[in-house]
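Work through the exercises below with the coordinates open. Each task is followed by a stepwise solution.

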Amino acid sequence: MKVIRSLEFHAGSKEEKLPDFASNFPYIATRAELDYYKESLVPWHWHKAVELFYMESGELKYYTPNKVMTFPAGSGGMVNSNVLHMTKIGTHRIRNIQLLHLFDPILIGGQCGSLIEQKYIAPITAASQLEIIPLYPDNPLQADILHLIQKAFQLSENEFDYEWNIREYLSRIWFRLLKLSFPTLQETSSMADKATDKIKLMMAYIHEHYAEKISVSMLAAAAFLSERECYRVFHKCLHMTPTDYMKNYRLQMACQMLADSHEPVTSIAYSCGLGNSSYFSKVFRAHIGCTPLEYRQKRQNINKK
């Protein structure tokens, strides 16, 4: 199981880059030590891989375009393929550790268009209303699935039949999730898939051009929207304005540069599109709670551990 203390993304996107995710066996198991993540959160992102998770300790809050859910220790769930989501730790009193199975649905469904894929996989992955399936131990049906998720983490990667066994576990978990989700799958989604597609286009534009001056009209044009629709989509999917998202993303990039380099604060301010060092320091302190130099010292000391 790979230990993860930060996330990587594909260039110009917020699609997560999954380490050691091979095309001939698209699955990885990870142990996310969330207290090491910058600002104790995982920013908005998505990935084609399905995410099955179990909270070993601590508490984690998941945000999606339509929901906010809290997962304490002992709970877990499934994040659907390509769902936009972010997470924040819910406590600093104890360590926040999350165990994850990440896999491409093709691993259990076979080739696209197969009977297995059509009958058992697509009903979940194609359901836009099914962003997250929460699992809590006080519900017997959900507790059974949580038990299977935990047992799958105990499989030894050194065993000859590891790949066979992990696929069998994922298949059993998936079938139980499908039965659990039948009521939701029969509902008509009130949220259009187009909004998620549009927000991803605009997020990608910001991630490619954050060092430059970006107006709302430029951002809207990147997704072929009016400015009014641009505001509506951001509010609907991310619950914030385009300007707020741009500022937050620039601050995320500033935090990363401060933690990972020794570049002067002035250079980082301009590289992140946040203007001169005076304005940058003011905005940084207001949102992060300390000066850029104080943040750099704190993060670089943590990284040495």
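**Exercise 1.** State the strand order of the open sheet and find its edges.

Solution. The order is S3-S8-S5-S6, an open sheet of 4 strands with antiparallel pairing. Strands here are DSSP runs of E with at least two residues, numbered from the N terminus, and two strands pair if DSSP finds at least two bridges between them. S3 (41–45) and S6 (68–72) each have a single partner strand, so one side of each lacks a neighbour in the sheet; these are the edges. On average, neighbouring strands are turned by 20° against each other, direction ignored, with axes taken as lines fitted to C-alpha atoms.

The model is predicted: local features need pLDDT of at least 70, side-chain atom pairs count only at pLDDT 80 or more, and totals for chains, interfaces and linings use all residues. Residues are numbered from 1 along each chain as its sequence is written, and side-chain values use heavy atoms, leaving out hydrogens and water.

**Exercise 2.** Describe how S5 and S6 pair.

Solution. S5 covers residues 59–63 and pairs with S6 in the antiparallel sense over 5 bridges. The two strands form a hairpin with 4 residues between them. Across the pair, Leu-60 stands opposite Phe-71, and Lys-61 stands opposite Thr-70.

**Exercise 3.** Is Pro-43 buried or exposed?

Solution. Pro-43 lies in strand S3. Its relative accessibility is 14%, so Pro-43 counts as buried (buried is under 20% relative accessible area, exposed over 50%, partly exposed in between; 1.4 Å probe, protein chains only).

Methods: Axes are lines fitted to C-alpha atoms, for helices over the stretch in contact, and angles run from 0 to 180 degrees between N-to-C directions.
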